[in-house]
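Subject: Structure handover

Hello,

Here is the structure I promised to pass on. Please look at it first; my notes on what was found follow below.

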Amino acid sequence: MLDAVLSRTPDEVAAHAAAAADLPALDAHVAECFACPRLVSWREEVAAVRRASFREQTYWGRPVPGFGPDDAAIAILGLAPAAHGGNRTGRIFTGDRSGDVLFAALHRAGLANQPTSVSADDGLALKHTRIFAAVRCAPPDNKPLPAERDTCAPWLHRELSLIRPTLRVVVALGAFAWAAWWPALAAGYGVRPPVPRPAFGHGAQVSLPGAPELLGCYHVSQQNTFTGRLTPAMLDDVFGRAKRLAGLA
Ligand code: SF4
């Protein structure tokens, strides 16, 4: 990673995100963010205490940057890193059950070179796809506060701006990501979100002039995948549609 600047306030997040010239710079700056006291405490506590099965590992314990090529046509927007997944491994959706489901689907769709994602150095590479979260630090109970979401938004908005030249489709995993898209749309594309906002749903699609297509997908959480609310076939359908909309199939 490049040299990064520390961000300790919302104003610094906004300034440093805006100043990031490319994705490597953005990723480096994100990883040095300390602007949300509650989330900083939580991510570091989780990293210090650790889960028994990972006791021998050194947790990342930092904000988790996006992952994937800088010329992505498809963006997958999640909620936030998992405490013992991305917050442990340092790569989004890596090392947890949600990632197992997501990357298996991306591999079936031809968007990942392997079906598993277990560590940051496992050789995984995405094709045409970049994954990032609306909030970059693991939150307690997977629930960021509205103020934390808003503080973190400039990282998301800048990331979208940097891949805007090639971005064609955004897949929002869950209602939180869906809601986070509207301010990003206004900030990154100058497109005014519809009023009222289109409702989130699995398979929902929003087409707006001058903006990427938006697809809704149930989040790949265990709550959804273990109960059958979200099946592999449903994910295959979403990523197949995303590829077609992006001109990749
Ligand atoms: S959630 Fe975002 S803004 Fe808050 S500390 Fe983490 S990276 Fe920084």
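The shell around the ligand is made up of Cys 33, Ala 35, Cys 36, Leu 39, Arg 43, Pro 63, Val 135, Arg 136, Cys 137, Thr 151, Cys 152 and Trp 155; a residue is near a molecule if one of its heavy atoms lies within 4 Å of it.

Before the rest, some points on how to read this. The model is predicted, so local features need pLDDT of at least 70 and side-chain atom pairs count only at pLDDT 80 or more, while totals for chains, interfaces and linings use all residues. Residues are numbered from 1 along each chain as its sequence is written, and side-chain values use heavy atoms, with hydrogens and water left out.

Ligand site

The residues of the shell divide into nine nonpolar, one polar and two charged. Here Ala, Val, Leu, Ile, Met, Phe, Trp, Tyr, Cys and Pro count as nonpolar, Asp, Glu, Lys and Arg as charged, and the others, Gly among them, as polar. Helices α3 (37–49) and α6 (146–163) each supply at least two residues of the shell, and α6 gives the most, with three. Helices (H or I, at least four residues) and strands (E, at least two) are DSSP runs, numbered from the N terminus.

The ligand sits in the largest cavity. A cavity is a set of points, on a 1 Å grid over the protein atoms alone, where a 1.4 Å probe fits but cannot get out. A molecule sits in one if more than half of its atoms lie within 2 Å of its grid points.

Overall fold

The chain has nine helices and five strands, which follow the pattern α-α-α-β-α-α-β-α-β-α-β-β-α-α along the sequence. Its radius of gyration is 17 Å, close to the 18 Å that the globule rule gives for 249 residues, so the chain is as compact as a globular protein of that length. The radius is taken over C-alpha atoms, and the rule is 2.2 Å times the number of residues to the power 0.38. Along its principal axes the C-alpha trace spans about 45 × 40 × 30 Å.

Of the 249 residues, 54% are buried (under 20% relative accessible area; exposed is over 50%, partly exposed in between; 1.4 Å probe, protein chains only).

Buried parts

In helix α2 (residues 23–30), seven of the eight residues are buried. These buried residues pack against α1 (10–19), β2 and α6, where contact means heavy atoms within 4.5 Å.

Leu 214 is found in strand β5 (residues 213–217) and counts as buried because its relative accessibility is 1%. Leaving aside neighbours within four places in sequence, the contacts of Leu 214 include Trp 178, Trp 181 and Trp 182. Val 170 is another of its contacts; Leu 214 and Val 170 are 44 residues apart in sequence and 4.9 Å apart in space, C-alpha to C-alpha.

Backbone details

A cis peptide bond joins Val 195 and Pro 196, with omega about -5 degrees. Pro 196 lies in the loop between α7 (175–189) and β4 (205–206).

Arg 50, in the loop between α3 and β1 (74–78), has a positive phi near 65 degrees although it is not glycine. His 128, in the loop between α5 (97–108) and β2 (129–133), also has a positive phi, near 60 degrees. Arg 50 counts as partly exposed at 27% relative accessibility, and His 128 counts as partly exposed at 39%.

Regards

Methods: On a 1 Å grid over the protein atoms alone, a cavity is a set of points where a 1.4 Å probe fits but cannot get out, and a pocket is an open set with protein on both sides within 12 Å along at least five of seven lines; lining residues have an atom within 4 Å of a point.
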